[in-house]
Amino acid sequence: MATYNLRRGGDASYTLESAMATGRYLLHAAVALCALALCAGGIDASGAGCRKHVARITEYGGVGDGKTLNTEAFAKAVADLSRHAGDGGAALVVPRGKWLTGPFNLTSHFTLFLDEGAEILASQDMKHWPLIAPLPSYGRGRDEPGPRYSNFIAGSNLTDVIITGKNGTVNGQGQVWWDKYHAKELKYTRGYLLELLYSDSIIISNVTFVDSPSWNLHPTYCTNVTISGVTILAPVHSPNTDGIDPDSSSHVKIEDCYIVSGDDCIAVKSGWDQYGIKFNMPSQHIVIKRLTCVSPTSAMIALGSEMSGGIRDVRAEDNTAINTESAVRVKSGVGRGGFVKDIFVRGLSLHTMKWVFWMTGNYGQHPDNSSNPSALPEVTGINYRDVFAENVTMAGRMEGIPNDPYTGICISNVTAQLAPNAKKLQWNCTDVKGVTSDVSPKPCQELGAEGKPCAFPEEELVIGPPELPKCSY
């Protein structure tokens, strides 16, 4: 395994191996038991959620030597297995080996099963990545105007899709894309490792995603999405390698995941400026549990900055960040419109942080290089409670928008232990309003009123099946 240097300034330095070991130790014991159950093998494939029809990629001419291009084999396999959608569904098994391929699509009532030692390699030849239309809620590619490169694994208007296995790997081989991005040699926006559009009943579990060209998992305009027991890895200075980005999606559950990223480990989004306002599809009813994140230059969980369709009812609980810039960050700006509200966070364990709390109201990137100054976001009802942080540079940087303050902020039961190089000013607050209770270091005056313990919904959000399918093909 490659060693990624996670040093940031005077912060602690980790190799990827040591960060992974630390993060996995912090996950609940139940996660390990779950992973063992998924990987055990010998499970009857006739159980709930298991497919009636099963085929291997080799049956369609696939060659797992890491050199042979298998794009045609994957396309043939998915097309053939789609015939069984109405007859118990189908699973495509990718066995041990290195399976080089260009982008390919999935189908409904379908399982992509990566066996132990299986690695799907994305082609590094850009001629294998066709151009596709930009998302309607973005209006253009995120990196560059106009269309964008296709996503590596994709699908649209699907239902009942599972991506799972015995911890096989999807490898985006992103270095060539990162190099061209840094050199400003790309005319179009990089594709994402996995993007599903307008789809329902999605499960992604027990798979590792590495070195995406850009964002890793991007469920967009989707409902009922479960992402469980997934590992996502990228060098910590790779550009825009967000881990999981639910975008204008509803009823999303992210649990027991481990992410090392060059950007936000999780970023909840809902479209960009006027295009997101017009599309008007919020991200809502999202649960994030037992995440472990390493991201020295970004957030464990970001809300925005593309939030023009609105973000509401996000519940983050029992999450851990190691050597990460900030915990749960709100990102917005003039021109975004939309809203971020009813956000509930509790049970954070934070180790080596630049900021514990960070809100931003000055994000300036716009799709048409201009924005509507009247399109102001509404940010309200942001609740944080039960937070422990150590080796902290600064407790809070809370920046709303002049004449559009962020309101209804509640922070309670927080202990932030300072780093040796900590800032003398621990809180910097402008254009925010809220209350705090039992917070150390003492918060800024704008958040100084003594409040009660912050809210967290007692009623559980039910998302996805009560348990993941246990199928071995």
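Residues are numbered from 1 along each chain as its sequence is written. Because the model is predicted, local features need pLDDT of at least 70 and side-chain atom pairs count only at pLDDT 80 or more, while totals for chains, interfaces and linings use all residues; side-chain values use heavy atoms, with hydrogens and water left out.

Let me begin with the disulfides. How many disulfides does the structure hold? There are four, a disulfide being a pair of cysteine sulfur atoms within 2.5 Å. With bonded cysteines counted along the chain, their pattern is 1-8, 2-3, 4-7, 5-6.

One of them joins C265 to C293, with an S to S distance of 2.1 Å. The torsion about this S-S bond is about 75°, so the disulfide is right-handed. C265 lies in the loop between β20 (258-260) and β21 (266-268), and C293 in strand β23 (residues 292-294), so the pair ties together parts that are 28 residues apart in sequence. Strands here are DSSP runs (E, at least two residues), numbered from the N terminus. C293 is buried, with a relative accessible area of 0%; buried means under 20% relative accessible area, with a 1.4 Å probe and protein chains only.

Another disulfide links C429 and C444, S to S 1.9 Å. Its torsion is about -85°, so this disulfide is left-handed. Both C429 and C444 are buried.

I turn now to the cavities. On a 1 Å grid over the protein atoms alone, a cavity is a set of points where a 1.4 Å probe fits but cannot get out, and lining residues have an atom within 4 Å of a point. The count comes to three cavities of 30 Å³ or more, a volume being the space filled by probe spheres set on the points, which are joined across faces, edges and corners. The largest cavity holds about 100 Å³ of space. Of the 13 residues that line the largest cavity, the closest to its centre are F113, I162, T164, P469 and C471. Strand β11 gives the most to this lining, with three residues. The second largest cavity has a volume of about 70 Å³, and its lining includes W215 and H218.

Finally, consider S283, in strand β22 (residues 283-289). Is S283 buried or exposed? S283 is buried, at a relative accessible area of 0%. A polar atom of the S283 side chain lies 3.2 Å from the backbone nitrogen of S249.

Key. Helix = DSSP H or I, 4+ residues; strand = E, 2+ residues; numbered from the N terminus. Buried < 20%, exposed > 50% of the residue type's maximum accessible area, 1.4 Å probe, protein only. Polar contact = N/O pair within 3.5 Å; in protein donor to acceptor, adjacent residues only side chain to side chain. 1 Å grid on protein atoms, 1.4 Å probe; cavity = no way out; pocket = protein on both sides within 12 Å on 5 of 7 lines; lining within 4 Å.
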